[in-house]
Amino acid sequence: MKKRYLEAGKIVTTFGIGGEVKADVWGDAPDFLTGFSRLYFDFGKNSVEVERARVHKNAAVLKLKGIDTVEEAVKLRGKTL
């Protein structure tokens, strides 16, 4: 089966209390994921808008639209982007 999307990283944990998530980046540098305005997960079935993104140590910290609490962010843990 031909893939339509490139797997670029994985959400590993939450970051802070405002609903941000921390993602391991599977590219050359952690800032790779900070250049996107929309990310896809569940093999492209679901998408989410990126409100803001930054690098923290060797990971990307992402604030995703509609994810405003730690409880909502925990549900995304383990998702491949």
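**Reading the strands, rings and charges**

Tutor: Start with F43, which lies in the loop between β3 and β4. Keep in mind that the model is predicted.

Student: Is F43 buried or exposed?

Tutor: Look at the relative accessible area. Over 50% counts as exposed. F43 has 74%, so F43 is exposed.

Student: What about its backbone? What is the phi of F43?

Tutor: The phi of F43 is about 60°. That is a positive value, although F43 is not a glycine.

Student: How many bridges join β2 and β5?

Tutor: Three bridges join them, in the antiparallel sense. Strand β5 covers residues 59-64. To find one of the partners, take V21: its bridge partner in β5 is L62.

Student: Next, the rings. How many aromatic pairs are there?

Tutor: There are two aromatic pairs. Read each one by the distance between ring centres and the angle between planes. For Y5 and Y40, the centres are 5.1 Å apart and the planes stand at 35°. Under 30 degrees would count as stacked and over 60 as edge-to-face, so this pair is tilted.

Student: Which parts does the pair of Y5 and Y40 tie together?

Tutor: Y5 lies in the segment before β1, and Y40 lies in strand β3. The pair therefore ties together parts that are 35 residues apart in sequence. Y5 is partly exposed at 35% relative accessible area. Y40 is partly exposed at 34%.

Student: What kind of pair do F32 and F36 form?

Tutor: F32 and F36 form an edge-to-face pair. The distance is 5.4 Å centre to centre, with 75° between the planes. F32 is partly exposed, with a relative accessible area of 36%. F36 is partly exposed, also with a value of 36%.

Student: Where is F36 found?

Tutor: F36 is in the loop between β2 (20-25) and β3 (38-41).

Student: Which residues make the nonpolar surface patch?

Tutor: L6, F32 and F36 make the patch, which is about 310 Å².

Student: Last, the charges. How many salt bridges does the structure hold?

Tutor: The structure holds six. Check the distance between the closest N and O atoms. For R54 and E20, that distance is 2.7 Å. R54 lies in strand β4 and E20 in strand β2, so the pair ties together parts 34 residues apart in sequence.

Student: Is E20 buried or exposed?

Tutor: Buried means under 20%, and E20 has 10% relative accessibility, so E20 is buried. R54 is partly exposed, with a relative accessible area of 35%.

Student: We met D42 before. Which residue forms a salt bridge with D42?

Tutor: K79 does, with the closest N and O atoms 3.1 Å apart. D42 is in the loop between β3 and β4, and K79 is in the segment after α1 (70-74), so the pair ties together parts 37 residues apart in sequence. K79 is partly exposed, with a relative accessible area of 23%.

Student: Which residue meets K65 in a salt bridge?

Tutor: E49 does, at 3.9 Å from N to O. This pair links distant parts of the chain. K65 lies in the loop between β5 and α1, E49 in strand β4, and they are 16 residues apart. E49 is partly exposed, at 33% relative accessibility.

Student: Which residues do salt bridges with shared partners join into one network?

Tutor: They join E20, R52 and R54.

Definitions and conventions. Residues are numbered from 1 along each chain as its sequence is written. This is a predicted model: local features need pLDDT of at least 70, side-chain atom pairs count only at pLDDT 80 or more; totals for chains, interfaces and linings use all residues. Side-chain values use heavy atoms; hydrogens and water are left out. Patches are made of residues with over 30% relative accessible area and no salt bridge: like charges are joined within 9 Å, nonpolar side chains (Val, Leu, Ile, Met, Phe, Trp, Tyr) within 5 Å. Accessible areas come from the Shrake-Rupley method with a 1.4 Å probe; for residues, only the protein chains shown count as cover. A salt bridge is a side-chain nitrogen of Lys or Arg within 4 Å of a carboxyl oxygen of Asp or Glu. Helices (H or I, at least four residues) and strands (E, at least two) are DSSP runs, numbered from the N terminus. Buried means under 20% relative accessible area, exposed over 50%, partly exposed in between (1.4 Å probe, protein chains only). Two strands pair if DSSP finds at least two bridges between them. Rings of Phe, Tyr and Trp (its six-membered ring) pair if their centres lie within 6.5 Å; planes under 30 degrees apart count as stacked, over 60 as edge-to-face and the rest as tilted.
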